[in-house]
Amino acid sequence: MRLIAGLGNPGEQYAFTRHNMGWLCVDFLAVNNDLGRPQEKFHGEFWKWNDVILLKPLTFMNSSGISVSEAVNFYKIDFSDILIIYDDMALPFGKLRMRAQGSAGGHNGLISILGALGDLHVPRLRIGIGKAPSSMINYVLGHFNPDEREKLPEIIKQAGEAVTAWLNNDIQKAMTIVNAEHEQPI
């Protein structure tokens, strides 16, 4: 069993904000694979897709570890079989970067997950949202500007392709594919 967790915040006010990039990717995967409506479990919404669980934690970003660790413990998933998808201000808007492990880089959702799992060896797909021009909180919780909205469908499509690369290859090969293809932001 494998787990793909997209990070975000529940509530209409957060639906199309930069901080919900992970949720947008999971929604894309669910829709494009005709998975229907999600079930509610693990403090989140989830879909079972062959031997893959798609998860959107409903715990708010800073407590994402509660949801992810419940799913991991229930299905007894190895950490190498988890992919966390989230927004990253350290990358230009639209740039994708896959990593096999590492620190959270200051991302509170990932801090929560790595803390709950007690391990840094968790693969992740970072989706660039660019640097905050002023207030970080206002920026990540802010809605996409018109230029970003125009680029968003292609970015989410490419993130979905990155997930497919991870599902079909070992992490090193997936990283080579994803990171090489997405050297330049959209």
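This note sets out numbered points on a predicted model.

1. Helix α3. This helix spans residues 108–117, and its buried residues are Gly 109, Leu 110, Ser 112, Ile 113, Leu 114 and Leu 117. These buried residues pack against three elements, namely α2 (64–75), β5 (82–88) and β7 (124–128). Just after α3 comes Gly 118, whose phi is positive, at about 70 degrees.

2. Ile 111. This residue also belongs to helix α3. Its relative accessibility is 42%, so Ile 111 is classed as partly exposed, the limits of that class being 20% and 50%. When its neighbours within four places in sequence are set aside, Ile 111 is in contact with Ala 104 and Gly 106. Between Ile 111 and Val 72 the C-alpha to C-alpha distance is 16 Å, with a sequence separation of 39 residues.

3. The largest pocket. Its volume is about 460 Å³. The lining comprises 24 residues, and those nearest the centre of the pocket are His 19, Gly 106, His 107, Asn 108 and Met 136. Two or more lining residues come from each of β5, α3, β7 and α4. By residue type, the lining of this pocket consists of 10 nonpolar, 9 polar and 5 charged residues.

4. The structure contains 6 aromatic pairs. In the pair formed by Phe 93 and Phe 144, the ring centres are 6.2 Å apart and the planes stand at 70 degrees, so the arrangement is edge-to-face; the angle required for that class is over 60 degrees. The pair joins distant parts of the chain, 51 residues apart: Phe 93 is in the loop between β5 and β6 (96–99), while Phe 144 is in the loop between α4 (136–140) and α5 (146–168). Both Phe 93 and Phe 144 are buried.

5. The aromatic cluster and charges over rings. One aromatic cluster is made up of Phe 42, Phe 46, Phe 74 and Tyr 75. Within this cluster, Phe 74 has Lys 41 over its face, at 3.9 Å from the ring centre. Elsewhere, the ring of Trp 23 has the charged end of Lys 56 over it, 4.5 Å from the ring centre.

6. Asn 73. This residue is part of helix α2. Its relative accessibility of 54% is why Asn 73 is classed as exposed, the cut-off being over 50%. Asn 73 and Ile 177 are separated by 104 residues in sequence and by 30 Å in space, C-alpha to C-alpha.

7. Most residues other than glycine have a negative phi. Asp 34 is not a glycine, yet its phi is positive, at about 50 degrees. Asp 34 is located in the loop between α1 (21–32) and β2 (39–41), and its relative accessible area of 71% makes it exposed. Asn 50 is likewise not a glycine and has a positive phi, in this case about 55 degrees. Asn 50 is placed in the loop between β3 (44–49) and β4 (52–57); with a relative accessibility of 67%, Asn 50 is also exposed.

Definitions and conventions:
Residues are numbered from 1 along each chain as its sequence is written. This is a predicted model: local features need pLDDT of at least 70, side-chain atom pairs count only at pLDDT 80 or more; totals for chains, interfaces and linings use all residues. Side-chain values use heavy atoms; hydrogens and water are left out. Buried means under 20% relative accessible area, exposed over 50%, partly exposed in between (1.4 Å probe, protein chains only). Helices (H or I, at least four residues) and strands (E, at least two) are DSSP runs, numbered from the N terminus. Contact means heavy atoms within 4.5 Å. Rings of Phe, Tyr and Trp (its six-membered ring) pair if their centres lie within 6.5 Å; planes under 30 degrees apart count as stacked, over 60 as edge-to-face and the rest as tilted. A charge sits over a ring if NZ of Lys or CZ of Arg is within 6 Å of the ring centre and within 35 degrees of the ring normal. On a 1 Å grid over the protein atoms alone, a cavity is a set of points where a 1.4 Å probe fits but cannot get out, and a pocket is an open set with protein on both sides within 12 Å along at least five of seven lines; lining residues have an atom within 4 Å of a point. Grid points are joined across faces, edges and corners, and a volume is the space filled by probe spheres set on the points. Ala, Val, Leu, Ile, Met, Phe, Trp, Tyr, Cys and Pro count as nonpolar, Asp, Glu, Lys and Arg as charged, and the others, Gly among them, as polar.
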